[in-house]
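Subject: Model for your review

Hello,

Here is the structure I said I would pass on. My notes follow below it.

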Amino acid sequence: MNPNEPLPTCAVCLGIDPHTMPVVECLTDKTWDSKHETFSKQSNCTLISKATGQCICTHWQWCNSCSERHSHVHICSGCGSASHGAHCCPRAQKCPSSNSI
């Protein structure tokens with residue numbers, strides 16, 4: 001990973017700060033800012049919607065998204081929207097600006 005690139009967004013808590021465990025093992029019940037209950041949870045390194053039990057596509061959560069057709073749903077693991085993944089979720093932690101004045 002390029003040191004100038006932002007850290008990836010955790011698909012569960014939507015935080016970008018380093019975790020004490022791999023993000024695929026994030027077990028938190030609240031988003032990074034404690035404002036929302038997490039929409040998804042991880043189980044055996046698979047994202048699961050807490051409300052429906054559906055498997056959520058992990059590649060959809062990245063900035064490059066996913067164009068494959070498969071059984072995992074293409075919804076945001078942070079809020080459930082089908083219009084974006086966790087990387088672009090309005091609830092996700094934003095990268096600090098690199099412009100310092």
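From the N terminus, the elements of the protein run β-β-β. That amounts to 3 strands and 0 helices. Please keep in mind that this is a predicted model.

Confidence: the average pLDDT of the protein is 86, and 88% of the residues reach at least 70. Among the strands, E3 (residues 55-56) has the highest confidence, at 95, while E1 (residues 40-43) has the lowest, at a mean of 92.

Burial and surface: the protein has 101 residues, of which 31% count as buried. It exposes about 6700 Å², with carbon and sulfur atoms supplying 53% of that area.

Cores: the largest nonpolar core has 8 residues in all. Its members are the run Cys-10, Ala-11, Val-12 and Cys-13, together with Cys-26, Leu-47, Ile-56 and Ile-75. There is also a second, separate core of 5 residues, including Leu-14, Ala-86, Cys-89 and Ala-92.

Contacts: which residues does Cys-13 touch, leaving aside its neighbours within four places in sequence? The contacts are His-19, Cys-26, Thr-28, Lys-30, Thr-31, Trp-32 and Thr-38. One of these, Cys-26, is also a member of the largest nonpolar core, as is Cys-13 itself. Over the whole protein, of the contacts with a separation of 6 or more, 32% are between residues 24 or more positions apart.

Regards

Methods
Residues are numbered from 1 along each chain as its sequence is written. This is a predicted model: local features need pLDDT of at least 70, side-chain atom pairs count only at pLDDT 80 or more; totals for chains, interfaces and linings use all residues. Side-chain values use heavy atoms; hydrogens and water are left out. A nonpolar core is a set of buried Ala, Val, Leu, Ile, Met, Phe, Trp, Tyr and Cys residues joined through side-chain atoms within 4.5 Å. Buried means under 20% relative accessible area, exposed over 50%, partly exposed in between (1.4 Å probe, protein chains only). Contact means heavy atoms within 4.5 Å. Helices (H or I, at least four residues) and strands (E, at least two) are DSSP runs, numbered from the N terminus. Accessible areas come from the Shrake-Rupley method with a 1.4 Å probe; for residues, only the protein chains shown count as cover. pLDDT is the predictor's confidence in each residue, from 0 to 100.
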